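I opened a structure that I had not seen before and kept notes as I went. The entries are in the order in which I looked things up.

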Amino acid sequence: MMPTLSPERERAERMAALARVGDVEALADEVLAYTSVYTGQWRHESRDVTEALRLVAPERKPELLMAILERSCRVTDAEQRRVTNDLLQILVQPYSKIRTPDSAAVALAFAARHTTYFGGDELRRMVELLLGAGRPVPLEVVAMMRRTVAHGYWGSADALAPLLDKLDVPVLNPGEAWADRALADAASLDPAEAGRWHELFRHAATATSAKPSRKWETTGRKLLDELTDPGDRLRTWLALVGRPRTVTLNRTQWEHDVNEAYDQYNATTLRGLVWLTSFLPDHPETPRVLGALVETSLRKIAGLGPRNPKVANAGVYALSRIPAEEALAQIARLAARVTFKGTLKELNAALDARAAALHLTRDEIEELAVPAYGLTEVGRRVDHFGEASATLDVTSGTVTVTWRNGAGKIVKSVPASVRSGFAEQLAEFRAAVKDIEKMLSAQAERLDRQFLARRVWPFEAWRTRYLDHPLVGTLARRLIWLVDDVPCAYGDGVLRTSEDKEIVTGGTVRLWHPIDRPVDEVLAWRAWLEARRVTQPFKQAHREVYLLTAAEENTGTYSNRYAAHILRQHQFHALAAVRGWRNKLRLMVDDEYEPATRVLTQWGLRAEFWIEGVGDDWEADATESGAYLRIATDQVRFYPITAPDNYAHAGGGGYEQWVHQDARPTDPLPLAEIPPLVLSEVLRDVDLFVGVASVGNDPTWQDGGPGGRFREYWASYSFGELSGTAQTRKEMLERLVPRLAIADRATVEGRFLVVRGELRTYKIHLGSSNILMSPNDQYLCIVPKQSAGASTGEIFLPFEGDRVLAVILSKALMLAKDTQITDPTIVQQLRR
């Protein structure tokens, strides 16, 4: 009887058989299947595998090396990436050591699929072997050498810079969509015009300073003038920035996601090309392309942060130099959305400069910067494409487009006559729709921040810039305002009080907030909005109000209301930035950090939310780049805006101010002295952070996460007392449930929405949306889809932005018909 082979030995035998017959592709697949389960080092325990690979014919080994490398480029698991890269290092080593042109060509082709790989001296030796044999140096290899120099890898500049200067190659690296297109476009031109473009590329590659000098600009303008219609080409190329790489690179163990980052060498040339766009003749597409480029360049990558702030800042600089209204609109939109501190500083400076030039305040310039986008009335635009037409409607807060064919009949998609006969006009229309969607979101966020801005408008100016503005009016007409301290909202074509008294004019206007209004007034406005089915762009009438508690009166200078929570750090960090808080990701290192901070300039205050990293296990508690996965929360405090900053160790240990030995630390301010509006809005932000980023919201964490360490916290949060946001949710559901189709099966009871199905009865927690079911409060895990939002059918909600409420309603609607559920993961739990 033959002995049974171990799985490892069986796999090695398969590899050996494939190696003998020269099936390189299948062998490479086997190797990757092995590295997906092997977690050791390439030593004696993996000897059978490496011995099998040696059976490949020598002339086929370079092919095997590149086949494994090609597959390695697509590996996403960090441990498999480590194992595979360790193997690749073993396989490529002979080619980098043998001093022949053939071996050098193999090693260089391998290295070209990395950001950088070998040291400068080693690369120079291999390239000189190629040149000495009369062989060309592939442009992909040149690109890798340039990245090596840009990276500063192992003293590479001294070794490679002189060699690179001798090579007659284009100034752009291939491998990025925009650069490939630029190289291809230049190659398609006649030699004289192509030469002029390459001269422009070379000039752009000298954009090494933060901003262009006058001499640089003069040269750039002259080079642009020598080209035929450069604007269309530049805009086309810049629109491709950030697209997936055309040549995928292999990510080594400690690298960030190199395929999401910009090519380090190309980034300098890209910055120069962006600067050059500000010298082009006015064109509506230029600001749009630059605005999108800024956002693309600031998209965050794990382990790196923003993709490329220097390119983003170049985009802001170019926009600031373009006098068109479209450029100002992009700056204003970005200023409301961008959270990266360096670029936000540039945007603010650009707005301040434009405001000063026009003798306006910063607030006024932001308001005037919002274009109409072709809307001929508030929230409505009609475009004609021959006999067909498209009606764009924004009145409900979402952008909808209704198409009609030549006969005036509504159709589901763009009519064929429009696609074939009006391609350019259709492209412009679609671009405008995207612009409107982005600006609408930015303006909603800006308005939501006006509660703390203490902004007061003259009535006529407010009416023009807000209520009757074609775009902003779609938001303003769904909000409540104080006209000479009389609350009113827009309904049936006019401003009305909650008793339907018309308001025609007034002196001053400010945004209504429930904190300083009578309870009866707040309830009346909720009823008024709900009766008219007005969905507010953010919570206003239903906005949570946070008053000083007895516990906070006792602590005096700090609030523990949101202490002792465990939050997902990266989600918290993103939310904090959106809400205007300054924060730094905590790394698992010996370093000091400030608390999360919101500067309230108009009030002369600084709010602090004290947080610290959680855990000390690099694999379970940190990302590959060393950032804590989770943080623990502590106190909320307020200080004068001029007070010294507090600092604490990344992993905790208490905050303290760093002051001169002769100076005294500044004490926190008593909470009782903080204006109620400020206290409420700051605590509302913190409630949002906890409510969204808490690990207690994760339905898959019933076991308590890594090592079960957070089981007790998860249970207490998932089904514990309701926060302010959850309490608002409860009040909303108490009004909403009786109107639902499942009203006879659903009731709000304490902290839960209780739903009676055919199989079980379910208790959906109003804070976490996690579920307990009968009997014995058995846990039911339902993971909501991570799409734009949960489906609630035609249910009217009086405000936007509460995803948990939508999740609760969608779960309730599904569980009320539990016999119709087909998802096997849910059905299996119901049948236990």
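What follows are my entries, one topic at a time.

**Entry: kind of model.** I noted before anything else that this is a predicted model.

**Entry: helix α9.** I looked up which residues of α9, residues 156-166, are buried, and found Ser156, Ala159, Leu160, Leu163 and Leu164. I then looked down the axis of α9: the buried residues fall within an arc of 105°, so they line one face of the helix. On the face turned away from the buried side I found the exposed residues Asp158, Asp165 and Lys166. I also asked what covers the buried residues of α9. The cover includes α7 (120-132) and α8 (139-151).

**Entry: cysteines.** How many disulfides does the structure hold? I found 0. I checked the accessibility of two cysteines as well. Cys73 has a relative accessibility of 10% and counts as buried, because the cut-off for buried is under 20%. Cys488 is buried too, with a relative accessible area of 0%.

**Entry: aromatic pairs.** I counted 32 aromatic pairs in the structure. One of them is Trp197 with Trp237: the ring centres are 5.0 Å apart and the planes stand at 65°, so the pair is edge-to-face. This pair links distant parts of the chain, since Trp197 is in helix α11 (residues 191-204) and Trp237 is in helix α13 (residues 230-239), 40 residues apart. I found both Trp197 and Trp237 buried.

I looked at Phe451 and Phe538 next. They form an edge-to-face pair, with 6.1 Å from centre to centre and 85° between the planes. Phe451 is buried, as is Phe538.

I also noted one aromatic cluster, formed by Trp457, Phe459, Trp462, Tyr466 and Trp481.

**Entry: the sheet from β3 to β6.** I traced an open sheet of 4 strands in the order β3-β4-β5-β6, with antiparallel pairing. Its edge strands are β3 (380-385) and β6 (410-411), each of which pairs on one side only. Between β3 and β4 (residues 388-393), which run antiparallel, I found 6 bridges. Phe385 has Ala388 in β4 as its bridge partner. I then looked for what lies across this sheet. Helix α21 (residues 423-448) lies across β3, β4 and β5 (400-404), and runs at about 165° to β3.

**Entry: strand β18.** Is β18, residues 630-640, mostly covered or mostly open? I found it mostly covered, with 9 of its 11 residues buried. I went through its partner strands in turn.

- Strand β13 (residues 558-559) is joined to β18 by 2 bridges, and the two run antiparallel. Ser559 stands opposite Val636 in β18.
- Strand β14 (residues 566-568) also runs antiparallel to β18, with 3 bridges. The bridge partner of Arg568 is Arg630 in β18.
- Strand β17 (residues 605-613) pairs with β18 in the antiparallel sense over 8 bridges. Leu605 has Pro640 in β18 as its bridge partner.

**Entry: Gly654.** I located Gly654 in the loop between β19 (646-649) and β20 (656-657). Gly654 is partly exposed, with a relative accessible area of 46%. Leaving out residues up to four places away in sequence, I found that Gly654 touches Tyr647 and Ala648. I also took the C-alpha to C-alpha distance from Gly654 to Ile611: 9.7 Å in space, with the two 43 residues apart in sequence.

Entry: β22 (residues 752-756) and β23 (residues 761-765) pair in the antiparallel sense over 5 bridges. These two strands form a hairpin with 4 residues between them. The bridge partner of Phe752 is His765 in β23. I followed β23 onward to β24 (residues 771-773), which runs antiparallel to it and is joined by 3 bridges. Tyr762 has Met773 in β24 as its bridge partner. The hairpin of β23 and β24 has 5 residues between the strands, and in it Ser769 takes a positive phi near 70°.

Terms used: Residues numbered from 1 in each chain as written. Predicted model: local features only at pLDDT ≥ 70, side-chain atom pairs only at ≥ 80, totals over all residues. Heavy atoms only, no water. Buried < 20%, exposed > 50% of the residue type's maximum accessible area, 1.4 Å probe, protein only. Arc of directions from axis to C-beta. Contact = heavy atoms within 4.5 Å. Disulfide = S-S within 2.5 Å. Pairing = 2+ DSSP bridges. Axes fitted to C-alpha atoms, helices over the stretch in contact; angles between N-to-C directions. Phe/Tyr/Trp six-rings, centres within 6.5 Å; stacked < 30°, edge-to-face > 60°.
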